[in-house]
Amino acid sequence: MVRALRAAGLVLAVAFSAPALSATAEVRIEGISGDLLNNARARLAIRNAAAQGEQPEYMFERLHERAADDIRSALQPYGYYSPEITGEFAVSGEAGARRVRATYQVTPGPQTTIREVRVEIVGDGAEDPVLQQRRKELPIAAGDALRHARYARAKDLLLSAAFARGYFDVGYRRAQIRVMREQQRADIVLELDTGSRFLVGDIRLEQDTLDGDVLRRYLTIHEGEPFAPSALLESQFQLMELGYFSRVDIEPIREEAEDNRMPVRIVPEYLPSQRYSAGIGYGTDTGARISLETDFRRINRSGHWIESDIRVAERRSNVGATYNIPLGNIPGERLSFSSTYSDERFEDGESSRYSVGVSLSRKPGSWKRRTYLDYSTERYNVGDLRRTTNLLMPGVSFERKEADDEIHPRNGWSVFFDVHGAAEPVLSSTTFAQARVATRGVAPLPWRSRLLARFEYGASFVDSFARLPLSERFYAGGDQSVRGYAYQSLGERDEDGNVLGGEYMTAMSLEAEKLLWRSFGVAAFVDAGGAGNEAFPDLSRGVGLGLRYRAPIGSVRVDFAHPLDDRNRGLRLHIGIGVGL
């Protein structure tokens, strides 16, 4: 007896110590497609094991036994609770080359539909009109096919809407899907308890650099109002746009909330009070240039700031400073006082101009509006003409831009409009009115490409063109106008061929740009434009190819342009940097 038991134990030991047979597997699911098939493949454990390569054969056998349950659970989120599933499992081959074939035939059966949806809101939010409207807009309704993803989305939407309205203790008392398999029907029950609605409590602005009232007027949260997390985020954006801070932290103090009032802490981190920036570069329109910019970001507790800009170039230089006083409750609205000296060399002339001005910048809606009054003295010469003019010019400009990226947009547009003028009896040497409009657009193209378009038009209304100073005349040609022609080389000419400019100007461009490798790309373009004393000046055309590099500061452009309307001009090189639209 003892010997028999020892023999049996030896046989069992040998059997269990023998290496398990390994196999590869091929798994197929038939009878379903689309989302059902994709989810079944993801849930089917035997298929996931097969994807890992060779596995023990007994593992595939065990996973095959649970395959029907895997597929059944994969169909339920789409409303199929009564599928018919049959499976075949076959093994072939010798040791070392074993192969498993598993095939599952699926008939999903009827799809479960929603019989009733019952959504209740209790707590302070029961009478909230916004929550009641969100309840009506949930993406589930009686008669719809049951989809678990839509049910989950409905739960999240209602919960998020309540949280955004200041119900911070919100939660579901009940959230159920009741499925009646035999009838292929389901009932959905959602009972949301909002709890109490919180109000904004004490707003603690933790800084002592600027007057608190200066910063508080930009906040979109106010003590005693219903608490809304979106208003905190908006206030953060508002403060960051002022240009004083490197970061702003705004957070509710939940542990100090009393009587449903939530205190708020605002902690800004200031940028350095001064900024200096120097640069050196080259542009075809300006020639070699150097620049120095300085910002005194806050010179008093009221948040006033000063900007200065010095640019010295071969053909166009200017020195200017602006004193800014923030106004209103929208970042960017301000009263500004400026002083500028500029010196510019035209194709056949030269202008030196001193100006002082005051401007009021506002943001009505989506537009930026600037109302200004400038007084200038300009000395200029072109050909044999030499003059000095004084101008007191009131004006207004409007600007709007929509773009998906501030520096390298692929989709967007911008429009700019300006009108200004002067009257001889009012501290001016001549009478004129002038308007200019500029539009730009960019649209995405396939294969990392984009299409850029530009159109500009300007018109002057003046009794004597000869009395219009050079800075107020229109020219065409150059990097930002008609490539293939020198900067401001297109316009009316005198008897000696000197370029005088014009009362009117038209310029347009169409350009296709494609990235080839990382930030490097190429472009092809066609430009047209002209300036003259007719409402629609004759257009000069240019075509060309360019190289592009998308740098963090903008698009570095190297263009080779050929003029089509001047046989005496050959290929011309244009170098510049473009930022945004």
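Biologist: Which residues does I46 touch, leaving aside those up to four places away in sequence?

Modeller: This is a predicted model, in which local features need pLDDT of at least 70, side-chain atom pairs count only at pLDDT 80 or more, and totals for chains, interfaces and linings use all residues. Residues are numbered from 1 along each chain as its sequence is written, and side-chain values use heavy atoms, without hydrogens and water. Contact means heavy atoms within 4.5 Å. On that basis, the partners of I46 are V27, F60, L63, H64, F89, A102 and Y104.

Biologist: Which residues touch the most other members of the largest nonpolar core?

Modeller: A nonpolar core is a set of buried Ala, Val, Leu, Ile, Met, Phe, Trp, Tyr and Cys residues joined through side-chain atoms within 4.5 Å; buried means under 20% relative accessible area, with a 1.4 Å probe and protein chains only. The largest such core has 26 residues. Elements that each supply at least two of its residues include strand 1 (22-30) and helix 2 (34-43); helices (H or I, at least four residues) and strands (E, at least two) are DSSP runs, numbered from the N terminus. The members with the most such contacts are I32, L44, I46 and Y104.

Biologist: How many residues form the other core, which includes F227 and L242?

Modeller: This core lies apart from the largest one. Its members also include F245 and V264. The number of residues is 25.

Biologist: Which residue of strand 7 stands opposite R174?

Modeller: Strand 6 and strand 7 (residues 185-193) run antiparallel and are joined by nine bridges. Opposite R174 stands E191.

Biologist: What is the radius of gyration of the chain, and why is the chain described as more spread out than a compact globule?

Modeller: The chain has nine helices and 28 strands. The radius of gyration is taken over C-alpha atoms, and the globule rule is 2.2 Å times the number of residues to the power 0.38. For 581 residues that rule gives 25 Å, and the chain is well over this value, so it is more spread out than a compact globule; its radius of gyration is 37 Å.

Methods: Two strands pair if DSSP finds at least two bridges between them. Buried means under 20% relative accessible area, exposed over 50%, partly exposed in between (1.4 Å probe, protein chains only).
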